[in-house]
Amino acid sequence: MSLVDRLAQHAASAAPVPGAAAALLQSSLQRFRELGLPQARTDGWRQTSLRSLEKLTPDAATEDASAAEWVRADASWPGIRTLLRLLNGRGLRAAEHLPEGVQVRSWQDALADPPEWLWQSLQRGYGGVADSFAWLNTAGARDGALIELAAGTVVADPMRLLLAHGAGFAGLAQARVVLRLQAGASLCVVEDLAAMGEGGGLANLVIEAHLEPGARLDWVRVQATPDAQSLIARSRFELGEGASLRYFTADWGAALARHDLEVVLNAPGAACELSGLSVLLGRRHVETRLALQHRAPDTRSATQWRSLADGRTRAVFGGLIQVEAGADGTDAQLKTTNLLLSPHAEIDAQPELVIHADEVACSHGATVGQLDERALFYLRSRGIAEADARQLLTFAFCQAQIGAWIAPLVRETLERELLARLPTRVMEG
């Protein structure tokens, strides 16, 4: 049986969904079967090989995390409240006492009686074979959450979405999280893709957020899944008039990780600030594909991406900014800066602009290099040992990417994790 058949069979075996959603999920499964999986010649997938998945057994048994493991997972983000948590794509647990104006429904309940805006989003579907994992998720994800913030709701403190993997995990985990911020609502989210023990398998995750006029969303994503695991993730953010998104992602887990990040600025005044950091050691392949669409006039985006590659790792960043016809007054800037620490590592940076409007201010740039020998010499001339000087420069390169807008409690945890993951060879000189 082919991998496509095994994945489809696993999706079809999920608990049935009542109502009109059942037909939608069935058509999504059929679409996945028709498309198959992306190949080496598929646009946007030429750098990502799926050969490591050929022996995947999607229905492999998994183990539940122990109470002690949950305690350790919660302790890793001191002072940050957990809004919901999933283990290996299942077993939704939402906070007992939600902030006023915040509603959480399980994905099963949402599919059984979807609100009109969600139903329209699900019916829209996706494109071709490059999106086959998203079709698979629509067909087979039976756990996850629908989170809604009422108009004007302001949640001041960061809230964590704990999407944990490990604990003997070796099969296919699928989950979907959809967030809707009504007009004027505001929220800060920490998406924690955590490792709870050793595990492998494949996680296929889809996250969507819909921001209505004037909504504000800060999103911090930390990808620290088990070293032997593969992760295919898709994130989509749609912004209404005057809505604002600030987004940061840190990638330092998984043997194979692919993240398709799509941001759509649908109405005048929408703005986003996007940034990412990959710290790759050993043998890893981490690829980010950004598709940023300016669909309305007077929209703004600023994108900065950084990658650090050591050992035999490969980092790929493809950043496409598309300005649609009529989106005059667009201001879009994209820059990617990359640091190679090993002659065996590889970094591919592919920024791209496609502009169909007049009177825009758009630019992009990419650099790949090594530690600055002049800066290293300067530090050593001040009496700092070479190993310490390399550590300082490497940490500074990464730390500069952690935006000042990130809440202090979240920033402290990010910096602590970053220090723990810096290449040992850099630390030791």
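Visitor: What makes the angle between helix 5 and strand 6 a defined quantity, and which strands does helix 5 lie across?
Guide: Helix 5 (residues 116-124) lies across strand 4 (144-149), strand 6 (172-181), strand 9 and strand 11, and runs at about 135° to strand 6. Helices (H or I, at least four residues) and strands (E, at least two) are DSSP runs numbered from the N terminus, while the angle, on a scale from 0 to 180 degrees between N-to-C directions, is taken between lines fitted to C-alpha atoms, for helices over the stretch in contact (heavy atoms within 4.5 Å). The model is predicted, so local features need pLDDT of at least 70 and side-chain atom pairs pLDDT 80 or more, whereas totals for chains, interfaces and linings use all residues. Residues are numbered from 1 along each chain as its sequence is written, and side-chain values use heavy atoms, without hydrogens and water.

Visitor: How do you know whether Gly-89 is buried or exposed?
Guide: Buried means under 20% relative accessible area, exposed over 50%, and partly exposed in between (1.4 Å probe, protein chains only); Gly-89 has 9% and is therefore buried. Gly-89 sits in the loop between strand 1 (81-87) and strand 2 (90-94), and its contacts beyond four places in sequence are Asp-143, His-165, Ala-173, Gln-174 and Ala-175.

Visitor: What makes strand 11 and strand 13 a pair?
Guide: Pairing requires at least two DSSP bridges between two strands; strand 11 (residues 230-239) and strand 13 (residues 256-265), which run parallel, are joined by 10 bridges, and therefore they pair.

Visitor: Why are strand 3 and strand 19 said to stand at the edges?
Guide: In the open sheet of nine strands, ordered 3-4-6-9-11-13-15-17-19 with mixed pairing, strand 3 (102-106) and strand 19 (346-355) each have a single partner strand, so one side of each lacks a neighbour in the sheet.
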